Amino acid sequence: MDVTPDADEVANQPPPYADINLVAGDPALAAATERAGLNGALWAFGSQWGGSDQLALGRLANENPPELHSHDPQGRRCDVVEFHPAYHALMAQSMEVGLHCSSWDGPLRPAEARRGNAQRAARLYVVSQVEAGHVCPLTMTHAAPASLAAAPELMRDFLPRIRGRNYDGRFLPFWEKASITIGMSMTERQGGTDVRTNTTRAAPTGNGEYEISGAKWFLSAPMSDAFLVLAQAPGGLTAFLLPRFRPDGGVNALRLTRLKRKLGNRSNASCEAEFERAFAWRVGEEGRGIATIIGMVQMTRLDCAVSSAGLMRAALARALHHARHRTAFQKKLVDQPAMAMVLADLALDQEAFAALAFRLALSFDEAAGSGTEAARARVLTPVAKFAICKAAPGFIAEAMEVLGGNGYVEDCALPRLYREAPVNAIWEGSGNVMALDLARVAFREPDLVQAILADLKERTRGLPGAAASADCVSQCLHAGDREARARRAAEALALLAAAAALAESAPTAVAEAFAATRLATPRSMYGANAVEPVRDLMLERVCAA
């Protein structure tokens with residue numbers, strides 16, 4: 001008798017990726033948390049953020065993007081953006097653990113490197129695996145004090161509220177709230193990265209107060225309580241803090257003209273804006289706008305690198321989850337030799353780039369007391385952002401391929417991760433900007449870069465190709481056409497720094513395999529690199545439930 005299969009019966013499909021501890025089975029994170037003194041403190045955090053309800057918040061926040069309301073039902077101008085409750089829930093949980101402020105805890109000090117960056121980076125890395133869009137306002141708020149330090153009175157008034165950990169998404173004057181967020185609006189349509197071409201004008205009205213008029217092409221997180229902006233003052237390009245409400249309690253003259261229809265990052269709002277004699281305070285001296293924001297920029301670049309490493313980890317974990325449960329041709333996918341090579345190769349890159357990001361966060365912590373670590377933070381921040389953020393889209397695409405058709409549909413999280421990945425490579429300076437930053441440092445402070453290269457050569461002594469890679473960086477940066485070779489130098493330096501980070505945190509075999517396939521020989525597509533010596537070790541080191 002024929003037996004008709006039950007159409008509702010599902011076989012040979014992995015269980016849902018949910019109720020996973022996002023800290024478990026992550027060797028780079030384990031090493032970083034031990035070094036940062038977190039140890040077991042992060043375990044409960046990983047369990048919370050890997051829960052099914054938490055993962056659903058990330059999905060809902062992206063499936064229900066924010067909406068701009070320029071006018072209220074009675075026709076009055078209001079300029080507010082409405083977010084889905086899932087976004088607010090994520091913001092509340094992330095602010096509760098201090099992702100927007102934790103390295104600024106303790107007594108007020110100048111905007112030098114702060115303690116706690118490594119611990120915060122570990123949590124940011126985990127949170128980014130669930131929903132990276134809401135990380136944008138957290139990152140900007142966390143970085144803002146580095147610029148506000150140039151205006152001590154503003155720092156005094158705003159830092160206590162930046163430190164507040166009870167999220168308050170209401171549209172109220174900042175002084176009526178115990179916790180606030182800070183956004184940014186730097187670029188204009190005619191200049192983009194070239195902010196010196198900004199045409200927005202700032203007219204002084206006395207006592208460090210100004211009226212700003214003009215248009216901004218990008219204003220990030222428009223429901224923030226204040227924004228750091230760049231505008232042309234009489235003395236040149238200057239930094240300002242522009243609140244949503246004027247000191248008299250009235251809504252500031254900030255007009256939100258339209259929300260950007262972004263490729264990814266959909267839970268978070270970015271918009272175009274116009275200022276009509278909007279009230280603002282000057283931050284730093286007139287004409288020193290770029291110098292005033294540079295510390296903030298460095299901190300946001302670190303977050304870009306950490307968050308991208310988290311996106312890569314999320315993609316790898318899902319690929320391994322699928323491969324360990326799916327059978328093809330009488331074997332689990334993970335046991336198929338070709339697939340094992342791909343997964344091990346992915347795991348090697350992911351661990352190396354995560355180790356690089358976490359090691360960089362440690363340099364931020366130790367910079368105040370160590371000239372070497374301060375130099376590492378200065379030189380390697382744009383380099384790490386360049387390499388990690390540019391690697392993420394291709395990495396996630398390969399992970400998507402492990403799942404086949406399942407990875408290409410919106411029911412799976414991988415399409416969202418893939419759309420999210422490019423933004424960090426663009427935000428706070430695209431690839432060319434990062435590479436040219438390295439070239440400029442090498443031109444202006446050649447001894448600084450040579451000191452970093454010497455340190456990395458020592459830390460990678462004996463690793464295949466390490467010494468030659470350091471020499472390649474030096475040659476590119478000292479060539480007459482250093483700008484044309486800037487990307488080559490940035491990539492080589494990033495891979496060398498990643499090998500050094502692995503040498504500090506991973507088994508020798510892992511560091512040697514990375515160096516042999518990324519430094520000593522030109523790297524190939526995933527699965528084509530000679531990772532056979534560590535194939536099984538890499539798959540054992542990474543678990544994905």
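Predicted model: local features only at pLDDT ≥ 70, side-chain atom pairs only at ≥ 80, totals over all residues.

Numbering starts from 1 along each chain as its sequence is written, and side-chain values use heavy atoms, with hydrogens and water left out.

**Stop one: the second largest pocket**

Select Tyr17, Arg318, Asp411, Cys412 and Ala413, which lie nearest the centre of this pocket among its 26 lining residues. A pocket here is an open set of points on a 1 Å grid over the protein atoms alone, where a 1.4 Å probe fits, with protein on both sides within 12 Å along at least five of seven lines; lining residues have an atom within 4 Å of a point. The space inside is about 740 Å³, a volume filled by probe spheres set on the points.

Next, colour helix 3 (52-63), helix 8 (289-325) and helix 11 (414-420): each gives the lining at least two residues. Helix 3 supplies the largest share, 6 residues. Helices are DSSP runs (H or I, at least four residues), and strands are too (E, at least two).

**Stop two: Gln232**

Now jump to Gln232 in strand 6 (residues 226-233). Is Gln232 buried or exposed? Gln232 is buried, at 13% relative accessible area; buried means under 20% with a 1.4 Å probe, protein chains only. Show its side chain: it reaches the backbone oxygen of Asn198 at 3.1 Å, and one of its polar atoms sits 3.3 Å from the backbone nitrogen of Leu237.

Methods:
Buried < 20%, exposed > 50% of the residue type's maximum accessible area, 1.4 Å probe, protein only. Polar contact = N/O pair within 3.5 Å; in protein donor to acceptor, adjacent residues only side chain to side chain.
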